[in-house]
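Visitor: I would like to learn how to read the strands and crossovers here. Please go step by step.

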There are 2 protein chains.
Amino acid sequence: MSSAISPLSVPFPDMPPIAGVTFATAEAGIKYKNRLDVFLALFAEGTTVAGVFTTSKCPSAPVDWCRQSLKGGSARALLVNSGNANAFTGKKGVATTTAQGQLAAEAAGCRPDEVFLASTGVIGEPLDASKFAAVLPDAARRAADGPWIDAARAIMTTDTFPKGATRSVKIGDATVTINGIAKGAGMIAPDMATMLSFVATDAAIAAPVLQALLSAGVVGSFNAVTVDSDTSTSDTLLLFATGKAPGAELVTDVADPRLAGFKAALDEVLLDLAIQVARDGEGARKLIEVRVINAASDQSAKRVAFSIANSPLVKTAAAGEDANWGRVVMAVGKAGEPADRDLLSISFGETRVAFEGERDPDYSEDVASAYMKNKEIVITADLGLGDGRATVWTCDLTKEYVAINGDYRS
Amino acid sequence: MSSAISPLSVPFPDMPPIAGVTFATAEAGIKYKNRLDVFLALFAEGTTVAGVFTTSKCPSAPVDWCRQSLKGGSARALLVNSGNANAFTGKKGVATTTAQGQLAAEAAGCRPDEVFLASTGVIGEPLDASKFAAVLPDAARRAADGPWIDAARAIMTTDTFPKGATRSVKIGDATVTINGIAKGAGMIAPDMATMLSFVATDAAIAAPVLQALLSAGVVGSFNAVTVDSDTSTSDTLLLFATGKAPGAELVTDVADPRLAGFKAALDEVLLDLAIQVARDGEGARKLIEVRVINAASDQSAKRVAFSIANSPLVKTAAAGEDANWGRVVMAVGKAGEPADRDLLSISFGETRVAFEGERDPDYSEDVASAYMKNKEIVITADLGLGDGRATVWTCDLTKEYVAINGDYRS
């Protein structure tokens, strides 16, 4: 499954160490020999944690495990593997997460309920927990505070480039750093697109506050990105706060004004990572930003935006560099949200192609067509109804997507 | 846009004349020269009519027109054109439908509100009504009671085969016939997939009863078929009842027991046509029937079935002849409907691949893989919760779909 790097890739940023976070990778031979397939991160005592997971009604066993561990609000270890998702594995899957939690806790010197787990890979195959016993003690001994690009690479599956984002910001007098890594809609085997992202900071933030910040942050970032409308059983986003930044004072109130800069920086890290996931969508050659403005409400705007972003006809038109605004009209119309044909305007980039329910009289197909040759395309739908707005990101739908996902499992 | 005939095509049936229905086709040069692009049908006095239309919030002008005409419940003419959808054409579009209604009424010798219109083709281009003036009087003179395959061909756009269905049945002592034709997810220009279907019978049925029968009939047929989840601005299904079958007596009550056979026959015609539309989905090489059983309710079952049928990952797996049940689990999980991972069973054909939340211990990948080579595939998801059930039909997602929809508009 080696493939060329996405034409939409971005360079990996310089990411400083995070005080209180160390990590290592290992080869456990979960599905293939001689492949990095385990990532272990260790967190200092006192680290708080927040998480957001797939909305799937059929989540994987590791997702169930994390939801349980999250109740304690405390994290000391994160164990991630590729090659096997431990999803739809019934009671065996639960036994595996229990064993993984025990093994990681022994390696990290913590309680099992301070361990967090994520798995990505094939579904329905039992995951052999003994593979972890062979590698975790050594991985814990080797754990170091960088380089973060190794962490980003270790969680890649068929992602074509490592994804990272970092910001530094003040909370009171302390300078804190936020580092995040993500893997996107790559496939293993191939089996299923799973999004995993792990973010760590040396800020000192109580777990309920951390959860509130993360839950708010995903709305405009990870929950505003779609590759193909499909939802994995295993999507996992975790945020760890070690509190080890020099001078860090514990923040216990989400309304604490000292958090303003941190909140903005966290939102930026999450959005940066989410857009990188869209940039590495399977077969993607174009990044599409869909802006819906003047909708009946923000929620309505987001539904319309996703209707456009998930439309196969819109996505194939983008792949064909076709300024096909008729398909955008179609996607607005099918969203089921308030819309008035005769108030609707649509633009590709700065070119307004439709205005008040008709083709814009000043529309130049040449200008619009030239714009569609860009690697990054902005589609704006102005519903002309209210002041609701939303922006979502997706990629085009290419023959490569079908090839990647239609190849027979080997 | 000539393309090979779909490998899933079925032969056109022998369709008898319908007493009270005549039709003709014409070349009006709407978008291209020397191409049949107009279809005119004439109905006997006293013909009743029912209709079901796109749920799009941005419907085409002809859809608005039909909704208005439908209030009268009486039909004398149907005018269909390809080449231009008269959608998103603002006030010009309304002027065009008004002119079309007048011209067709003159040709048919009826009132404009007894005329029904349907247009398919490019969006956002004004449709010149004068093109119809040149051809309708002659078409009306030439109108004949067959052959119906000509009618089915006349409404094709990039459909690869003509679609028809017919049934004969008794209402009381009278033998009545139901003929239906449809065009499917073909493209003009290419621009947008539009589904048009016209059904006629010589039964005598009052308009409100006809509407009740049609509204009920679409639930398990046209509203149970998806090609790519996209919804046209122009989807139109019309049912005409001339009452001219020898001995036909007017039925005025939907609960009339004499209607039982007719209702079943109508449902069969609608289902037959709807499945033919899925068989001719763009780039389709496999017909996929998705059955969801033992869901919390029928409605819930249908939502889960559409989640599976619209999943790009499920559809590409089918294209790749991959018995990838993990993707079916994913699609069940993302539907947002009640589902319990540990009660879920999934089958491909007769082969149960997953049982009670795990891979079926008796599952043979060889058997499942061999089954996926069939042109017609049945996927069954047993949710194990209640007695709700639904069946929907779709086709696979192939590179040809992307090619057809990603080619630049010429």
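Guide: This is a predicted model; local features need pLDDT of at least 70, side-chain atom pairs count only at pLDDT 80 or more, and totals for chains, interfaces and linings use all residues. Residues are numbered from 1 along each chain as its sequence is written, and chains are lettered from A.

Guide: Start with pairing in chain A. Strands are DSSP runs (E, at least two residues), numbered from the N terminus. Two strands pair if DSSP finds at least two bridges between them. Strand β2 (residues 38–43) of chain A pairs with β4(A) in the antiparallel sense, over five bridges. Within this pair, A:L40 stands opposite A:L79.

Visitor: How many bridges join β4(A) to β5(A)?

Guide: Eight, and those two strands run parallel. A:N81 has A:S119 of β5(A) as its bridge partner.

Visitor: Which hand does the crossover from β4(A) to β5(A) have?

Guide: View the strands pointing away from you: a crossover is right-handed if the path from the first strand over the helix to the second runs clockwise. Helices are also DSSP runs (H or I, at least four residues). Here the chain passes from β4(A) through helix α2 (residues 90–108) of chain A to β5(A), and the crossover is right-handed.

Visitor: Is β4(A) mostly covered or open?

Guide: Buried means under 20% relative accessible area (1.4 Å probe, protein chains only). Strand β4 of chain A is mostly covered, with eight of its eight residues buried.

Visitor: What is the strand order of the open sheet in chain B?

Guide: The order is β1-β2-β4-β5, with mixed pairing. β1 (21–26) and β5 (115–122) of chain B each have a single partner strand, so one side of each lacks a neighbour in the sheet.

Methods
Heavy atoms only, no water. Buried < 20%, exposed > 50% of the residue type's maximum accessible area, 1.4 Å probe, protein only.
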